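Please consider the following model with attention to its backbone geometry, its sheets and its contacts. The explanation begins with one local feature and widens from there.

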Amino acid sequence: MRKQAWLRAAAGLTAAALVLTACSQKSNEGTSGSNTGANEPSAGWPQTDVPELKPGKKGGTFKLAIVEPTAIDVYNAQESEGILVASHLFTGLTITTYDGKVEPGVADKWETNDDCTEWTFDLKTGTKFHNGEEVNAESFKRGWERVAAKDSASEVAYHMAGVEGFDEMQAGTATTLSGVDATDPAKLKVKLTEPDCEWYVRTSHTVFSPVPSTAGTPTSNPAFVEQPIGNGPFMMDGPWQHNVGIKLKRFDGYTIQDPAYLDSVEISITPNGAADEYAGYQNGQFDWARMPVPVLSQARAEYEPKGQWITRNTNGMNYLLVMVTEKPLDSAKARKAISMAIDRNAIINGVFKGSQTPSTSLVPPAFPDAYQPDVCTACEYNLDEAKKLAKEAGLTEGTKLNFQFNTGGGHEEWTAAVADQLKKNLGLEVDIKGLQFTDLLNNEQQPGASGIFRAAWGADYATPGNFLEPLLSTGAIGAKADEPVTGDNRGRYSNKKFDDLLADAKKEKDDAKRIDLYQQAEKIAIGDDLALIPLWNRTQHRLANADKFINLRMDFHEDPDLRVISIK
Amino acid sequence: MGKFVIRRLAQAVMVVIAATILLFIGLFVLGDPFASSGDKVVPPATQEILRAKFGMDQSVPMQYLTYLGNLFTGDLGVDFDQRRPVADMLGQAVPATARLALVAIILDVIIGLVAGIIAAVWRYSFWDVLVTVLTTLAIGVPTFVIGIWLRQTVSGFWIFPQVPRTFTEVAPWYTEVLLPAITLAVIDAAFIARLMRGSMLEVLRADYIRTARAKGLGERTVIMKHAFRNSVIPVVTYVGISIGVLLGGAIITETIFQYNGVGYLLYKSILQNNNPVIMAITTFAVLVYVGLSMIVDILYAYLDPRIRLS
């Protein structure tokens, strides 16, 4: 082990040296333009157009690479890689489209009772699993119970919280979901413990998929976990070869929507993520790739003119988590002063070379119906206003500000730039610390935590509520003031008016009115209170082989939309 | 000799037990494996279910005893991430790493010994200087630099398979193993060459070599039969340790070359706080390491009677 320790230390030192030099260079760049930043147009590369779908033809093999997922079985598929496979192997009641809308999947239509506690889904009949078994209401009940069972220990089961009988199954005191009725094979009835008028949106998550009667439980039938039999447009071609690859082939019996065009999809599993994907794209091995941040500009210059470049704002937001109950940021004025002292454009141009777009809201532009471009009035760089507010809020020269981020995620440069700007612009004494992610999380959860923390969020379902509720509702603190936070509202923001608006939204059946309520809530939490500090939207860049394929677009999970891609 | 072996064996068992206890405690410093999933907090109820599922709701000493008990029955548990039997994962990774280690060792022993002998026999010649310069370079350049350079320039040409590549393009193991083995062999070969040169020079000055020459033996016989056997002892030690290190997995090299061995598995498991896998691999590495250094010591005693008698 002696030599390895030495090598690892050497590698670590070299990497640290690179980061340090980059840091000092970049943070200089980051602040040099800050005096002129106020009236500059907003930074960032424009989104590329989503191609209009053309009729394709059957055939071809699409190749891409991912890192090894946790699971491809819907009972525990969670990160983008696992969802890529699971969402093409299975089709649920509803489907989230690439642009964040919900459309019918196995369910033709759905309706709810007056108080939105009972949902009825009418199912398409005659649709099949890959083994020929028919998909009916029982298939869904079976699939959900397989997830909810305590023995399965699913890490994504919590998406079913709110379905009657779920808590009992998690506790191990029940073996069936009492709130799910599948007596009519063509109708699935679901009872909720609390009203939720947009609950149907959740059902597009892969965890709500149906499974065939041969599935068994994950512990009793591990073969299914390795080679799931679903009802989606693609099926497994052989079992998952761990750390090597996953091969999918088209399911010709798919009748839920149009069948796919591609004959097969080869998903190679590589250790180094974006770096391997990019290298493989360059040497012609892959048809789709992410890229490491440092090569983005160079890759864009090379591939955009060839029409092989995709830039989209996606479902996600990068922000600074703020501890709003602790000094020095326990007032809206203090938080706004911090936010207005950050020159987002300069950092985006300096550190990210334009590959991100500055954010002025919590609900990102990827949700066009709910997006309010200027809801954050304090997200614009404005040094005079920032200084004025800082003075009123008691942020003076030398006020200590705690700022923590997680190392190893590429956050070193921009956090250094933010800290630099706060020091220079407001005279704060910024105590910046890089930690392991689990330590960072632990610090955020503790009572008495203060200052700002690097954070990001992506919604699990296509609703603005999935940003507002988990991040800012009182219920999502899940702890008393002197206890560690157990939910995702680690900043401990709590505002009765905001909570009431969210509750009203959940009881509102009309889509437009519900969105209006969400917008009002966001105005309070972000516009008035600035409970967290938005930085930049989640913007994703991909290389896609337009020489060989058409209909190349990124789906809601930032994966290639294999349902529509076709050879030329 | 028998007494020596028994004493050495008892030492080895104690080292293994002490090491596993330290490793087990060390894992808890790595952090809570169930606290978060991506940027999201795992709900407390889910955390509880997960802890119960993996036996983490027991006290640490209890967990250790359970672990030790299972170890004796060959049960390494299931991993936290994919819930596959850890034994299966090791069953895939260990043979791959063993192949890599074997090829790397063969390469570096051959290159190292030849270079070392040449440098010693023709001391201060052009070849000696060349060996000195090259070994200094090889030791100075970190493995990941050599690995990344080889991957970018050589992979995809001649018999070296492309990295990365589509998984359906299967390469036979003996071509797949070449580049990572060369990467690993470079530094070891340099070390061996230097060791060999140094100890050979010392031996060549010894009286019995002069005697051998005086007897009129040919230079080849003097070098290969009399000098070699004595000067190769430090190299045997080094190779023993080196095999141990290589079997423990070459984290950087395997990751660079998309090589599914123990090193890559360990790298991934550390990132995921995947305690059962980390524990299994490190225990395996300890066993190999302790076992090999024991064999090396016994081999020593065989090569040089003075050691077993002291």
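A:Ala153 is found in the loop between helix 3 (137–148) and helix 4 (166–171) of chain A; helices (H or I, at least four residues) and strands (E, at least two) are DSSP runs, numbered from the N terminus. Although A:Ala153 is not a glycine, its phi is positive, at about 45 degrees. The residue counts as buried because it has 20 C-beta neighbours inside 10 Å. The terms work as follows: a residue is buried if 20 or more other C-beta atoms lie within 10 Å of its own, exposed if 12 or fewer, and partly exposed in between, with C-beta atoms placed from the backbone. The model is predicted: local features need pLDDT of at least 70, side-chain atom pairs count only at pLDDT 80 or more, and totals for chains, interfaces and linings use all residues. Residues are numbered from 1 along each chain as its sequence is written, while chains are lettered from A and ligands numbered from 1 in the order in which they are written.

B:Arg83 lies in the loop between helix 3 (60–72) and helix 4 (86–121) of chain B. It counts as partly exposed, because 18 C-beta neighbours fall inside 10 Å.

Cis peptide bonds are the next backbone feature. In chain A, the bond from A:Lys327 to A:Pro328 is cis, with omega near 5 degrees, and A:Pro328 is found in the loop between strand 12 (309–322) and helix 8 (332–340) of chain A. In chain B, B:Val163 and B:Pro164 are joined by a cis peptide bond with omega about -5 degrees; B:Pro164 is in the loop between helix 6 (143–153) and helix 7 (173–176) of chain B.

The sheets of chain A can now be followed. Four strands form an open sheet in the order 4-5-7-6, with antiparallel pairing; two strands pair if DSSP finds at least two bridges between them. Its edge strands, each pairing on one side only, are strand 4 (107–112) and strand 6 (180–181) of chain A. Within this sheet, strand 5 (residues 118–123) and strand 7 (residues 187–191) of chain A pair in the antiparallel sense over five bridges, and A:Asp122 has A:Lys187 in strand 7 of chain A as its bridge partner. Helix 3 of chain A packs on the sheet and touches strand 5, strand 6 and strand 7 of chain A, its direction making about 40 degrees with that of strand 7 of chain A. Here axes are lines fitted to C-alpha atoms, for helices over the stretch in contact, and angles run from 0 to 180 degrees between N-to-C directions. Two residues are in contact if their C-beta atoms, placed from the backbone, lie within 7 Å.

Which way does strand 10 of chain A run relative to strand 1 of chain A, parallel or antiparallel? The two run parallel and are joined by six bridges, with A:Glu266 in strand 10 of chain A as the bridge partner of A:Lys63. Strand 9 (residues 245–250) of chain A, by contrast, runs antiparallel to strand 10 of chain A and is joined to it by five bridges; A:Gly245 stands opposite A:Ser268 in strand 10 of chain A. Five of the six residues of strand 10 of chain A are buried, so this strand is largely enclosed by the rest of the structure.

Chain B has 15 helices and two strands. Its C-alpha trace spans about 85 × 55 × 30 Å along its principal axes, and buried residues make up 38% of its 310 residues. Helix 8 (residues 178–204) of chain B has a kink of about 35 degrees centred on B:Ala185, the bend at a residue being the angle between axes fitted to the seven residues ending there and the seven starting there. Helix 8 of chain B is mostly covered, with 22 of its 27 residues buried.

The chains meet in a contact that takes 45 residues from chain A and 38 residues from chain B. Helix 1 of chain A gives the most to the side of chain A that touches chain B, with six residues.
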